[in-house]
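Dear colleague,

Please find the structure below, handed over for your reference.

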Amino acid sequence: MAQGPPADPVAVARKILLDALTGQARSRKELADKLAKKEVPLEVANALLDRFEEVGLVDDEAFAKAWIESRQPGKGLATRALAQELRRKGIDDEVAKEALAEIDPADEEAAARGLVRKKLRSVRGLEQQKATRRLVSMLARKGYGAGMAFAIVKEELRLDKDAELGAETEDSI
């Protein structure tokens, strides 16, 4: 069986990029890595990535903002964790910093409180110190600083305890 002429590397690279961008945005680094994995010559990859940036198909600033908008509320990640994710995606630190600056600290605190409230049910039977440690650890894994984590956990545990005491008082009446 005879093989046809070798494939045009530009056409192959263009198809790889378009396939990768179908369904979700990607950072320039992610696309460059994908092209390198498929052994696309570096000069062809860079030329195509530059062209895709010119026409707006590859935009690391827009990617960073969209990534934050989807990950911060949904996963409850703090700024620090989001910055790490963006760094892994190959987003320049300055671009990431600008995108992260748009996060409202009140939204970040509300997300942390929501995570703690959700987890409170599973730590209710534990002693206070153990419950505090578990809740603060959970927030630390999500990228929250120790100061904010301890303050929120302390307050939410107090509110939860007050609510339990109020419910018990109502039951005994």
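How many salt bridges does the structure hold? There are 14 salt bridges, a salt bridge being a side-chain nitrogen of Lys or Arg within 4 Å of a carboxyl oxygen of Asp or Glu.

Please note that this is a predicted model, in which local features need pLDDT of at least 70 and side-chain atom pairs count only at pLDDT 80 or more, while totals for chains, interfaces and linings use all residues. Residues are numbered from 1 along each chain as its sequence is written, and side-chain values use heavy atoms, with hydrogens and water left out.

One of the salt bridges joins lysine 89 and glutamate 30 (2.8 Å, N to O). Lysine 89 lies in the loop between helix 5 (79–88) and helix 6 (93–100) and glutamate 30 in helix 2 (residues 28–37), so the pair ties together parts 59 residues apart in sequence; helices are DSSP runs (H or I, at least four residues), numbered from the N terminus. Glutamate 30 is buried, at 19% relative accessible area (buried means under 20%, exposed over 50%, partly exposed in between, with a 1.4 Å probe and protein chains only).

Arginine 113 forms a salt bridge with glutamate 156, their closest N and O atoms being 2.8 Å apart. Because arginine 113 lies in helix 7 and glutamate 156 in helix 9 (residues 146–172), this pair ties together parts 43 residues apart in sequence. Arginine 113 is buried at 14% relative accessibility, and glutamate 156 is buried at 3%. Both residues belong to a network of salt bridges that also links Glu109, Arg117 and Glu155.

With kind regards

Notes
Helix = DSSP H or I, 4+ residues; strand = E, 2+ residues; numbered from the N terminus.
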